[in-house]
Number of protein chains: 2
Amino acid sequence: MSDKFDYATREENYSKWYNDLVVKADLAENSAVRGCMVIKPYGYAIWEKMQQTLDTMFKDTGHVNAYFPLFIPKSFFSKEAAHVEGFAKECAVVTHYRLRNAEGGGIEVDPDAKLEEELIVRPTSETIIWNTYRGWVQSYRDLPILVNQWCNVVRWEMRTRLFLRTAEFLWQEGHTAHATSQEAVFEAEQMLDVYADFAENFLAIPVLKGIKTANERFAGALETYCIEAMMQDGKALQAGTSHFLGQNFAKAFDVKFTGKDGKQDYVWATSWGVSTRLMGALIMTHSDDKGLVLPPKLAPFQVVIVPIYKTDEEAERITEFAKRLTAEFKQAGISVKFDNRDTHKPGFKFAEHEYRGVPVRIAVGPRDLDNGTVEVARRDTLTKEVMNQGELVGNIKALLEEIQSNLYNRALKHREDNTCKVDTWDEFTAKLEEGGFIYAHWDGTPETEQKIKEMTKATIRCIPIGNAKEDGKCILTGNPSTQRVVFARAY
Amino acid sequence: MSDKFDYATREENYSKWYNDLVVKADLAENSAVRGCMVIKPYGYAIWEKMQQTLDTMFKDTGHVNAYFPLFIPKSFFSKEAAHVEGFAKECAVVTHYRLRNAEGGGIEVDPDAKLEEELIVRPTSETIIWNTYRGWVQSYRDLPILVNQWCNVVRWEMRTRLFLRTAEFLWQEGHTAHATSQEAVFEAEQMLDVYADFAENFLAIPVLKGIKTANERFAGALETYCIEAMMQDGKALQAGTSHFLGQNFAKAFDVKFTGKDGKQDYVWATSWGVSTRLMGALIMTHSDDKGLVLPPKLAPFQVVIVPIYKTDEEAERITEFAKRLTAEFKQAGISVKFDNRDTHKPGFKFAEHEYRGVPVRIAVGPRDLDNGTVEVARRDTLTKEVMNQGELVGNIKALLEEIQSNLYNRALKHREDNTCKVDTWDEFTAKLEEGGFIYAHWDGTPETEQKIKEMTKATIRCIPIGNAKEDGKCILTGNPSTQRVVFARAY
């Protein structure tokens, strides 16, 4: 076995385990540019599957894609008061547009090529998009606008971690415009449902759907909806958000429409997004001390076939069988890789595919051919069984479905095992150390929430949608509360 | 008919015709940021079709996608001498990473947040990618690397035109690494073939495959391959390039590998790219004075069905028929839109779909239902015919194929009609005024090429692959020449 697959266990060092995994499973690595990552082909193939799946879901709900500029004039950020106040000011700023040869070699920025107004590399695109929508909307006939954009954004984070928090990341941002408040709220809630559906049925990650408190709301939103997932270390990870923006951006950028009744009004807005952060959520939800574990629906290869042979004659027989099997799998919609590299031994290949999370590994040797069998190994349970070659395709198809639901159920059980209710401050701080979601009463004020955050690093992840009303007392202040909210430490 | 569809004709003002078309057909528009465009949903849908088609072609030839940082440290550009010399220095430069509240309102760049080394927004990614490949390659087992990236790039162009030349544009850039020179050359030529195949069979644009002269070569390449297309005004448009980079970038970034023989050598490289410029090529090749004309293989909707009715009862009958037809078309793999907007009249819809280049329009009124017919209009020829409802799907499918090849043949004929051979300087300058491709003798020196360019604005578009050898005299210097090369004025 190669050194390549040495790593920290989750128990030893969860954070190192994660970082090792991302790099050694060929998902991503740090680049020469501080905080910016390289997404490697294997990691990118998973992201592409996420993109394709989400893109289809967006189109099925009536959305179209478009593309808006990477750069935003600095002045645009000042136009929506809450947006500029609340939004991180850590941005990449373009000030010049030309380089020149430096005396003594190399190149330098040309001081004569200074921009009149600095440009900000988009941290999010509400401002440039709403500035554009002003030209697109005159009457109710031009509404709704249901647009999504796949792109890169930049937020100059000081402490970065691959996928979870990087200076540049990839995401999609939906920006919709509506004639009524109701329609916009419906849209924001619909997209939350799309995200939850995607997380649960493709990523196999159970999520809480909820709304954010005022403190945690997106800068410029009237309501922020979110899905929250629990990682294996008990910390929460916000996996997607959808915002009802009211008329704030329409007012800031003067986007009005004439209604059927001939009256003018400002347009109603939503925005919603998920990012390459989902890669981090996927990794931290399912993977184990042996490496990455991928749900079949997002695995670049669902099945790998590894031939085991000594002689050329054996190699030939197995190759013929494997190629036939590969064709049958593809026919059945199963993505499969026949790993016939002659540069590596089977042991290395087993370790590599295990580490890279391929859901099902099929090994075939000469004796298998004689017996009409293959050896099938499951990545999720790390178990092996001998299967007959007859009906193999159907059996593997069923196995992939079983793995997909097993991963979801395992993650759901983990979340349930690590969710509790507490009623006192002491219980709260004790449970926080164990990790997990804590349902507790809170007096509903931003001040209390802020104090709890400062004292414990725990935040209110969300107020779950359809939350049960229940009278109680705030765990910090003892003031009356009408419902429990979900606290956790978070990524 | 709405004012929306007023426009300049090609004859009146070709340049205005193009700009009007791009904006009024909802393809793209200028943004608030100088030189950066907004790609509107309809334009983006065409670009998505291009992406999907190319992406499949790249994967079928063994490539995978990855993602590299948007920013490149300034010093990287100095590492490959020809690259920094030859490459445009008009770049967006990031110098700061934070904004702060300004006294008296608004925000300003925080002078304390100056980067130690400026970052360049990528104009192309050879440098950052080869810096990354150093960590990926140790032995011949790690080769080849066949990676492609879909992303945005920025080149601070002074004079911009939608799609043709914009400060920010979208593209793909392939960057491959090989153990031998032969393999890299094979790759560069293979990707040229992929581009030519795509241009001819999807965009319906005939292209010349050729190599660039030293003057026109990519900065840092040993050989630049290109496909050149002719627009309706007779000007050339470079539609894609593929570069054999030799070991230049491997040497600049110290990327070595150990061969099977145990010896170390630098890695061989290619890069290749096409961009949203192809949208400009597509528009200028096929469109006419009535607006956009799209080849069926790239049209977001190949067929639009427009209902014509007066009464609710008629509307209901037609809707039922149209929905059934829509389902049948989809079943047959034909993309179709049933335009049942009640906010616009049929005449407006006809004009709009014509202007937006929908290949086939089907109109259905109550009399058609009684007669078992529909009215079918072709966008390419602007002709109409009555078709029976029986076998409509098959007939429309055949019609779409006919339109696709008609567009290609029309463009090919246009190119042939506007291609000539000249042997004297006077003929050359006279023919240049008419536009088109001119095959002429050139003495093979960069100096002569440069002089011709300065005198006439014509450049050598390429030396066609498989060019016939023929002795002759240079049109400018009279010096001996062994082959004709292709001159033209170009976008």
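In strand S26 of chain B, Gln483(B) is the bridge partner of Lys469(B). This detail belongs to a predicted model in which chain B can be superposed on chain A by a rotation of 180 degrees, with an RMSD of 0.0 Å. The points below cover the relation of the chains, their contact, the sheet, the domains and a hairpin.

**How the chains are related**

- The rotation of 180 degrees comes with 0.0 Å of shift along its axis, and that is the relation of a two-fold axis.
- Within chain B, Val94(B) has the C-alpha nearest the axis, at 2.1 Å from it.

**Where the chains meet**

- Chain A gives 53 residues to the contact, and chain B gives 53 residues.
- On the side of chain B that touches chain A, 33 residues are nonpolar, 10 are polar and 10 are charged.
- The copies meet through the same surface, because 100% of the interface residues of chain B are also interface residues in chain A.

- An open sheet is formed by six strands in the order S4(A)-S8(A)-S5(A)-S5(B)-S8(B)-S4(B), with antiparallel pairing.
- The edges are held by strand S4 (71-73) of chain A and strand S4 (71-73) of chain B; each has a single partner strand, so one side of each has no neighbour in the sheet.
- On average, neighbouring strands of this sheet are turned by 45 degrees against each other, direction ignored.
- Strand S5 (residues 93-96) of chain A and strand S5 (residues 93-96) of chain B run antiparallel and are joined by three bridges.
- Opposite Val94(A) stands Val94(B) in S5(B), the residue whose C-alpha is nearest the axis in chain B.
- Within chain A, S5(A) also pairs with strand S8 (residues 114-121), again in the antiparallel sense and over three bridges.
- In that strand, S8(A), Ile120(A) is the bridge partner of Val93(A).

**Domains of chain A**

- Chain A is divided into domain 1 (14-77 + 124-286), domain 2 (301-399) and domain 3 (419-488).
- The centres of domain 1 and domain 2 of chain A, taken over C-alpha atoms, are 39 Å apart.

**A hairpin in chain B**

- Strand S25 (residues 469-473) of chain B runs antiparallel to strand S26 (residues 480-488) of chain B, and three bridges join them.
- S25(B) and S26(B) form a hairpin with six residues between them.
- In the turn, Gly478(B) has a positive phi of about 75 degrees.
- S25(B) is hardly covered: among its five residues, the count of buried ones is zero.

Terms used. Residues numbered from 1 in each chain as written. Chains lettered and ligands numbered in written order. Predicted model: local features only at pLDDT ≥ 70, side-chain atom pairs only at ≥ 80, totals over all residues. Least-squares fit on C-alpha atoms with pLDDT ≥ 70 in both. Contact = placed C-beta atoms within 7 Å. Nonpolar A, V, L, I, M, F, W, Y, C, P; charged D, E, K, R; others polar. Pairing = 2+ DSSP bridges. Helix = DSSP H or I, 4+ residues; strand = E, 2+ residues; numbered from the N terminus. Domains from an automatic or database assignment. Axes fitted to C-alpha atoms, helices over the stretch in contact; angles between N-to-C directions. Buried ≥ 20, exposed ≤ 12 C-beta atoms within 10 Å, placed from the backbone.
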